[in-house]
Amino acid sequence: MRVSAHARAPGANRVVVALSVAALLALWGVAAIGVAPNRIVPGTPLKLAEVAGWYGALLGSLPLLALAALAWRPELARLKLALGLALALLMALPAGLALLGALALDPALPQARLGLGPAFWLLLFLLALVLIELRTRLWLGSLAGWGMVAAVALAWGATGWVLSSWLAPLALWQEYRVRSEAFGTAVLYHLLLVGGAVGASLVLGTAIALAMRRSRRLERAGFTLLNLVQTIPSLALFGLLLAPLAWLAANVGWLHALGVRGIGWAPAFLALLGYSLLPMVRNTFVALSGVEAGVLEAARGMGMSRAQVFWQVRLPLALPVVLEGIRITTVQAIGLAAVAALVGAGGLGTFIFQGLGQAAMDLVLLGALPILAMALAADALLGALSRRLSPQENRSHGGAG
Amino acid sequence: MIELFEVTKRFGAETAVDGISLRVESGELCALVGTSGCGKSTTLRMINRLIEHDGGEIHLDGRPVREFDEQALRRRIGYAIQSTGLFPHWTVARNIGLVPRLLKWPATRVRARVEELMALLGLPLEQFADKYPHQLSGGQAQRVGVARALAADPDILLMDEPFGALDPITRESLQAELRDLQARLNKTIVFVTHDMDEALALADRLVVMRAGRIVQQGTPLSLLRDPADDFVASLLGGEDRGLKEAAITPVSERMQPLSPRLLPKARVHQSASLRQALSVMFREQADRLAVVDDEDMAVGELSLRRLVEGRRDE
């Protein structure tokens with residue numbers, strides 16, 4: 001109560017002001033870009049003022065100062081303007097980067113590479129926080145949130161396309177360009193691995209949860225086992241699976257034909273499945289058990305058959321929590337699948353470990369950034385779906401519509 | 001008609017219901033009362049086989065309930081429970097139409113029946129049909145629960161503390177509605193409650209249970225006047241029993257014809273209870289009341305002496 005009353009009062013929006021000041025400090029204090037003559041030599045970090053000169057740096061600071069000034073007196077119109085400004089800044093970030101690159105790089109060195117400095121990442125992060133804060137303050141719905149994400153993505157894509165020659169020295173781009181085909185395959189493999197493990201754990205997890213509901217003993221044994229699996233470090237689990245899978249591949253013909261080996265997709269898939277089962281089973285179990293007893297009793301008392309009670313009452317009421325389980329499992333599996341590269345399962349983890357091996361941080365980023373994006377996207381999409389399906393959410397929408 | 005013969009139910013070593021026999025006539029409202037854990041809810045649920053009985057027999061219109069298909073049996077018995085048990089993910093209209101749909105009525109007939117029931121229970125169609133249960137007040141939700149129980153026009157209605165979760169005012173108005181409804185529909189109703197006033201106000205037959213056995217059964221009046229033991233007496237209100245009896249006896253039963261004497265100023269409606277009449281006398285410090293009709297015209301009078309001693313003439 002006090003917070004919202006405060007926001008309406010003429011006092012400054014301290015959050016946005018603080019974020020703007022932090023962004024200014026980052027812009028002046030730490031390196032915006034790194035410049036290296038080639039891939040081998042470590043790059044020289046350069047601050048904004050060192051690249052663009054004092055006047056350029058001051059010019060670049062103006063929008064952030066304007067943002068802080070707008071938030072100083074948070075009237076509705078000014079906050080809307082601030083939102084537009086922050087969005088525009090975020091959209092223009094790659095263009096600014098391209099400009100800095102063009103200023104900093106010596107055209108005589110075609111091998112030169114442009115790296116992303118801490119100021120770039122900080123600016124990205126702080127501007128995103130500003131947008132989140134302003135979205136809350138202005139009571140914008142999730143649709144507006146998606147709209148902003150789409151606008152930024154569109155702007156970045158367009159910038160990359162139009163300024164492709166200026167952005168070409170970008171180390172991240174260089175790393176991508178030489179492996180564009182491998183990148184596509186890696187993304188596909190990653191998604192297949194995650195999709196397969198989550199899908200299989202959904203089917204298997206639901207079956208296990210249903211069986212657990214039948215018997216107390218099975219419930220305790222099942223959760224003990226799944227908790228145990230969860231505590232094994234992923235590398236150790238791959239190691240444990242290596243020998244049995246190699247033996248199976250050697251002795252069972254059809255498994256060999258399927259491509260099961262001691263290393264490769266099979267141990268990765270099994271390990272991911274093992275880790276995915278606990279959150280999946282736990283959520284499904286809790287969801288199915290959590291349906292209000294009175295509702296189920298009424299359903300039975302009205303003369304619904306067992307199958308009707310399950311499909312028409314228990315499952316629909318449990319679905320939001322089951323979806324929550326799918327969300328947690330998916331996000332977890334997207335991250336874990338990176339480790340699977342160590343046993344030769346492919347996926348985006350390959351780039352991360354190659355990059356670590358070659359001390360090429362931009363190659364690590366090439367693997368890590370898509371994983372991050374995938375995890376965020378899965379989290380947002382499945383979370384929105386779960387909220388949409390829960391009766392609680394119907395309440396607030398039902399009143400308005 | 002529902003008949004129970006020596007019905008027994010055990011949960012493990014514990015005997016929840018211990019050889020009870022009971023006969024509920026068609027069109028009768030039978031209230032099962034008793035302290036918690038006395039077996040009244042178990043008894044109710046054995047009738048629609050939500051709980052299977054271990055011993056004895058339960059007959060519905062002369063036929064053992066075990067001979068019915070379980071689901072078919074439940075679809076011909078209306079069922080309403082305390083928390084309403086409405087499906088939170090279904091609209092009001094869909095909730096009410098549940099049993100008719102289970103019985104595979106054609107869609108148009110289901111819709112017509114839902115409209116009819118919503119009108120019957122005072123739920124305007126355009127206002128409530130598309131609402132979800134959490135958008136309803138407790139009283140509205142309970143009305144929907146009763147409408148759902150009545151949907152397939154069952155002869156028998158089982159109600160397990162249907163008004164238990166409501167505030168006193170809503171509860172009383174719903175009790176009055178149920179009484180009107182029962183006068184029109186004439187269902188056979190078995191009603192479980194721990195609210196003694198509710199049981200006295202609604203029941204044709206009152207069944208007092210204790211530790212899985214029936215201690216006493218009869219009309220509310222007969223139990224109030226002649227409790228079998230101290231337990232029944234205290235359950236029915238102890239020394240308040242007289243007031244409870246007055247509360248379920250209408251003024252019209254004791255009313256005297258108008259005398260030539262001057263009509264008293266204090267008045268009471270002829271449909272009021274003797275308890276209310278007593279309250280008016282106490283408040284107005286009068287020992288004689290004028291009994292009036294809807295138009296406020298005197299139709300008789302009632303003296304304190306007559307109110308108190310009237311039973312002697314019955």
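This is a predicted model: local features need pLDDT of at least 70, side-chain atom pairs count only at pLDDT 80 or more; totals for chains, interfaces and linings use all residues.
Of the 401 residues in chain A, 43% count as buried. The chain is divided into domain 1, covering 2–161, and domain 2, covering 180–394. The C-alpha centres of these two domains of chain A lie 36 Å apart.

Chain B is likewise described by domains, with domain 1 spanning 2–245 and domain 2 spanning 249–313. Their contact draws 4 residues from domain 1 of chain B and 5 residues from domain 2 of chain B. The C-alpha centres of domain 1 and domain 2 of chain B are 35 Å apart. Between them, the two domains of chain B bury about 430 Å², with 43% of this area on carbon and sulfur atoms. On the side of domain 1 of chain B, Arg225(B), Leu243(B) and Glu245(B) supply 91% of the area buried against domain 2, more than any other three residues. The count of salt bridges between domain 1 and domain 2 of chain B is 0, while 1 residue pair is in polar contact across this interface, both residues being at pLDDT 80 or more. Two or more residues on the domain 1 side of chain B come from each of helix 10 (220–225) and helix 12 (241–247). By class, the domain 1 side of chain B that touches domain 2 has 2 nonpolar, no polar and 2 charged residues.

Next comes the interface between the chains. The size of an interface is often given as the accessible area lost when the parts come together. For chain B and chain A, that area is about 1900 Å², of which 62% falls on carbon and sulfur atoms. Within chain B, Phe87(B), His89(B) and His134(B) lose the most area to chain A, together accounting for 25% of what that side buries. In terms of contacts, 21 residues of chain B meet 23 residues of chain A. The interface of chain B and chain A holds 1 salt bridge, formed by the side chains of Arg45(B) and Glu297(A) with an N to O distance of 3.2 Å. There are also 7 residue pairs in polar contact between chain B and chain A, with both residues at pLDDT 80 or more. Helix 2 (70–75), strand 6 (77–81) and helix 4 (98–102) of chain B are the elements giving two or more residues to the side that touches chain A. That side of chain B divides into 10 nonpolar, 7 polar and 4 charged residues.

Charged pairs are also found within the chains. Side chains of opposite charge can pair when their charged atoms come close. Over all chains, the structure holds 30 salt bridges. In chain A, Arg73(A), Glu75(A) and Arg78(A) are linked in a salt-bridge network. In chain B, Glu177(B) and Arg143(B) meet through their side chains at 2.9 Å, N to O, in a salt bridge. This pair links distant parts of the chain, with Glu177(B) in helix 8 (residues 168–185) and Arg143(B) in helix 7 (residues 138–150), 34 residues apart. Glu177(B) is partly exposed at 25% relative accessibility, whereas Arg143(B) counts as buried at 17%.

A salt bridge also joins Lys187(B) to Asp153(B), with the closest N and O atoms 2.5 Å apart. Lys187(B) lies in the loop between helix 8 and strand 8 (188–192) of chain B, and Asp153(B) in the loop between helix 7 and strand 7 (156–160). Lys187(B) counts as buried because its relative accessibility is 6%, while Asp153(B), at 46%, is partly exposed. Arg63(B) and Glu67(B) form a salt bridge at 3.6 Å, N to O; Arg63(B) is partly exposed at 37% relative accessibility, and Glu67(B) is exposed at 52%.

Finally, Glu301(B) is found in strand 13 (residues 298–303) of chain B. Glu301(B) is buried, with a relative accessible area of 5%. Its side chain makes a polar contact of 3.0 Å with the side chain of Ser259(B). Beyond neighbours within four places in sequence, the residues in contact with Glu301(B) include Met255(B), Pro257(B), Arg288(B) and Val291(B).

Conventions
Residues are numbered from 1 along each chain as its sequence is written. Chains are lettered from A and ligands numbered from 1 in the order in which they are written. Side-chain values use heavy atoms; hydrogens and water are left out. Domain bounds come from an automatic or database domain assignment. Contact means heavy atoms within 4.5 Å. Buried area is the accessible area (1.4 Å probe) that two parts lose on being put together, summed over both. A salt bridge is a side-chain nitrogen of Lys or Arg within 4 Å of a carboxyl oxygen of Asp or Glu. A polar contact is a pair of N or O atoms within 3.5 Å; within protein, one must be able to donate a hydrogen and the other to accept it, and residues adjacent in sequence count only if both atoms are side-chain atoms. Helices (H or I, at least four residues) and strands (E, at least two) are DSSP runs, numbered from the N terminus. Ala, Val, Leu, Ile, Met, Phe, Trp, Tyr, Cys and Pro count as nonpolar, Asp, Glu, Lys and Arg as charged, and the others, Gly among them, as polar. Buried means under 20% relative accessible area, exposed over 50%, partly exposed in between (1.4 Å probe, protein chains only).
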